[in-house]
Amino acid sequence: MAILHVNKNDFGSVVKDSSKTVLVDFWASWCGPCRMIAPVLEEVAAERPDVKVCKVNVDEEQELAISYGVSSIPTLLVFKNGQVVNKSVGAVPKAKILEML
């Protein structure tokens with residue numbers, strides 16, 4: 001499944017109302033560690049059709065980032081049934097991301 005770019009207008013319908021597990025990457029284009037994990041997230045999206053992988057650009061969606069307590073990026077949040085069940089801050093290896101799911 002392709003990575004979805006979400007904003008405050010579709011975050012509820014795409015992430016919170018999803019019946020699937022959702023991995024959300026809070027990132028920015030100028031963030032080196034964010035760029036480092038981007039290909040890993042692409043792999044996860046391709047290998048795990050049972051998981052939705054979404055990205056939120058913190059520069060464009062500051063309100064959304066603040067509402068989830070994102071103060072450092074990249075921040076990965078795992079949602080199940082609309083609730084955050086796991087969180088990771090910083091660039092992490094693929095094994096850690098898969099473990100979070």
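# Values set against their definitions

Trainee: How far apart are the mean positions of the positive and negative charges of the protein chain, and what makes a residue count as charged?

Mentor: The mean positions of the 11 positive and 12 negative charges lie 5 Å apart. Lys and Arg are taken as positive and Asp and Glu as negative, while His and the chain ends are not counted, and each charge is placed at NZ of Lys, CZ of Arg, CG of Asp or CD of Glu. This is a predicted model in which local features need pLDDT of at least 70 and side-chain atom pairs count only at pLDDT 80 or more, whereas totals for chains, interfaces and linings use all residues. Residues are numbered from 1 along each chain as its sequence is written, and side-chain values use heavy atoms, with hydrogens and water left out.

Trainee: How many helices and strands does the protein chain have, and what makes a stretch count as one?

Mentor: The protein chain has four helices and five strands, where a helix is a DSSP run of H or I with at least four residues and a strand a run of E with at least two, numbered from the N terminus. Read from the N terminus, the order is β-α-β-α-β-α-β-β-α.

Trainee: Why is the chain called as compact as a globular protein of its length?

Mentor: Its radius of gyration is 12 Å, close to the 13 Å that the globule rule gives for 101 residues, so the chain is as compact as a globular protein of that length; the radius is taken over C-alpha atoms, and the rule is 2.2 Å times the number of residues to the power 0.38. Along the principal axes, the C-alpha atoms fill a box of roughly 30 × 30 × 20 Å.

Trainee: Why does V22 count as buried?

Mentor: Buried means under 20% relative accessible area, exposed means over 50%, and partly exposed lies in between, with a 1.4 Å probe and protein chains only. V22, which is found in strand β2, has 0% relative accessibility and therefore counts as buried. Leaving out residues up to four places away in sequence, V22 touches V14, V15, K52, C54, L77, V78 and F79, a contact being heavy atoms within 4.5 Å. Of the 101 residues of the chain, 47% count as buried.

Trainee: Which class does P33 fall into, and why?

Mentor: P33, in helix α2 (residues 32-47), has 35% relative accessibility and so counts as partly exposed. Beyond its neighbours within four places in sequence, P33 is in contact with P74 and A91.

Trainee: Why is N81 called exposed, and where does N81 lie?

Mentor: The relative accessible area of N81 is 68%, so the residue is exposed. N81 sits in the loop between β4 and β5 (83-89), and has a positive phi of about 55 degrees although it is not a glycine.

Trainee: What makes a group of residues a nonpolar core, and which residues have the most contacts inside the largest one?

Mentor: Such a core is a set of buried Ala, Val, Leu, Ile, Met, Phe, Trp, Tyr and Cys residues joined through side-chain atoms within 4.5 Å. The largest has 20 residues, and F11, V15, V24 and F26 have the most contacts inside it. At least two residues of this core come from each of α1 (11-16), β2 (21-27), β3 (51-57), α3 (62-67) and β4 (75-80), and β2 gives the most, with four residues. Apart from this core lies another, of 15 residues, among them I3, V40, L41 and L76.

Trainee: What does F26 contact outside its sequence neighbourhood?

Mentor: Leaving aside neighbours within four places in sequence, the contacts of F26 include V56, L64, I73 and P74. The peptide bond from I73 to P74 is cis, with omega near 0 degrees, and P74 belongs to the loop between α3 and β4.

Trainee: Why is L64 classed as buried?

Mentor: L64, in helix α3, has a relative accessible area of 9% and is therefore buried. Not counting residues up to four places away in sequence, L64 touches N7, K8, F11, F26 and V56.

Trainee: How do you know the class of V6, a loop residue between β1 (4-5) and α1?

Mentor: The relative accessible area of V6 is 6%, so V6 is buried. The C-alpha atoms of V6 and K55 are 6.2 Å apart in space, although the two are 49 residues apart in sequence.
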